[in-house]
Amino acid sequence: MKYKLVVCGGTFDHFHKGHREFLRYALSMSDKLLVGLTSDNYVKAKDKFDCVEEFRTRINSLENFFIHEKVSERVSIERIDDIFIPKIWENLPIEAIVVSKNTVYGAEKINLKRKEQRKYPLKIKISPLIKSENNEYISSSRIRNGEINREGKPYINPYWLNHNVLITDNLRQELKKPFGILIKDKKDYGSLSCPFLITVGDITTKIFNQIGQNPDISVVDFYVARQKEFFSLKDLGFSDGEEIIELNNPPGYLTSDLFKAASLLFKREKNKRIVVKIEGEEDLSVLPLALTAPLKSLVFYGQPREGVVKVYVSEDVKEKAYNFVSQFTTNTRGY
């Protein structure tokens with residue numbers, strides 16, 4: 001059944017495939033569609049690190065989608081500060097509301113309020129949820145958490161969780177270039193407020209501990225330039241109160257164990273600092289960490305004889321890391 005006037009709402013953060021299909025479903029049910037878009041004040045209370053995009057970005061994504069679908073003339077977008085229909089629409093002859101199965105309760109609250117106002121209830125139409133490649137539902141939170149991209153593709157290829165991969169000579173040369181911004185003076189680190197502060201390498205980790213910017217996650221191997229330099233975590237400024245994860249990762253490799261550990265690091269309760277102690281070489285662990293860390297996290301690692309590289313974990317950085325790891329060879333020379 002098609003309705004003349006339908007309403008829907010949401011945050012539409014990091015506009016993704018699930019959003020597109022939700023709105024297409026809503027459009028298929030209506031001649032005219034009203035879209036409520038949550039305000040910045042509404043969403044900021046829920047997101048400590050401001051990982052939800054600004055209202056301006058989110059409304060631009062919506063408008064661009066409707067332009068692409070050639071339906072702009074059928075759609076009206078209004079800022080909302082709660083789950084209820086904005087006052088500007090309250091007296092319109094709305095017939096139905098489109099929700100996902102996760103937000104049915106919101107529609108029920110709207111109908112309860114309408115009943116109190118002696119208005120007719122809206123028909124509740126439930127749009128199917130869209131699954132990602134790993135058969136889990138696509139959501140903005142999973143994108144912000146760094147698990148999937150906007151098309152629902154996981155940033156960790158399942159193959160990497162079961163096989164060790166080896167860097168190629170060509171790729172080794174490419175990865176000698178800074179993966180982020182090269183910083184020569186610690187005063188240029190900038191703001192370190194982020195979902196996760198991560199350090200890779202013994203010297204970098206020690207520096208951060210010394211300046212009181214204790215990383216949430218550190219990856220070390222006690223070696224500097226292939227020479228044994230440290231013999232305990234106390235040498236690096238740790239207090240012995242950290243959670244220690246020990247892994248084997250030979251030079252030039254990214255092992256399945258490293259990918260498995262990286263996949264779980266950011267799902268733990270953030271009540272203890274974590275140190276990943278590598279037996280072998282930790283240099284390449286920047287890649288799986290960039291792939292698994294939540295958006296807006298920071299990864300710092302040393303650039304030999306030049307300084308420290310700051311990696312701001314973004315969607316672009318994740319795609320770049322994915323492309324790099326995809327070029328690693330599966331010929332692991334018997335390892």
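1. The search ran on a 1 Å grid over the protein atoms alone, and a cavity is a set of points where a 1.4 Å probe fits but cannot get out. Grid points are joined across faces, edges and corners, and a volume is the space filled by probe spheres set on the points. The idea is a simple one: rolling a probe the size of a water molecule over the atoms shows where empty space is left.

2. A word on what you're looking at. This is a predicted model, where local features need pLDDT of at least 70 and side-chain atom pairs count only at pLDDT 80 or more, while totals for chains, interfaces and linings use all residues. Residues are numbered from 1 along each chain as its sequence is written, and side-chain values use heavy atoms, with hydrogens and water left out.

3. The largest cavity has a volume of about 80 Å³. Its lining is made by Phe84, Ile85, Glu90, Ile110, Lys113, Arg114, Gln117 and Lys119.

4. Now look at the largest pocket, with a volume of about 1400 Å³. A pocket is an open set of points with protein on both sides within 12 Å along at least five of seven lines, and lining residues have an atom within 4 Å of a point. There are 43 lining residues here, and Glu282, Asp283, Gly302, Gln303 and Pro304 are the closest to the pocket's centre. Elements giving two or more residues to this lining include α7 (202–210), β14 (274–280) and β15 (298–303).

5. For the overall fold, count ten helices and 16 strands in the protein chain. These are DSSP runs numbered from the N terminus: helices are H or I with at least four residues, strands are E with at least two. The C-alpha atoms fill a box of roughly 75 × 40 × 30 Å along the principal axes.

6. How much of the chain is buried? Of its 335 residues, 48% are. Here, buried means under 20% relative accessible area, exposed over 50%, and partly exposed in between (1.4 Å probe, protein chains only). As for contacts with a separation of 6 or more, 72% of them join residues 24 or more positions apart; a contact means heavy atoms within 4.5 Å.

7. Leaving aside neighbours within four places in sequence, Leu23 is in contact with Cys8, Phe12, Phe15, Leu62, Phe65 and Phe66. Leu62 is 39 residues away along the chain from Leu23, yet their C-alpha atoms are separated by 9.4 Å.

8. Compare Ile77, in strand β3 (residues 75–80). Ile77 counts as partly exposed because its relative accessible area is 21%. Not counting residues up to four places away in sequence, Ile77 touches Val35, Leu37, Ile59, Leu62, Glu63, Phe66 and Trp89.

9. Finally, check two backbone angles. Arg118 is not a glycine but has a positive phi of about 60°; find it in the loop between α4 (104–116) and β5 (123–127). Asn135, also other than glycine, has a positive phi near 70° and lies in the loop between β5 and α5 (140–144). Buried or exposed? Arg118 counts as exposed, at 80% relative accessibility, and Asn135 counts as exposed at 52%.
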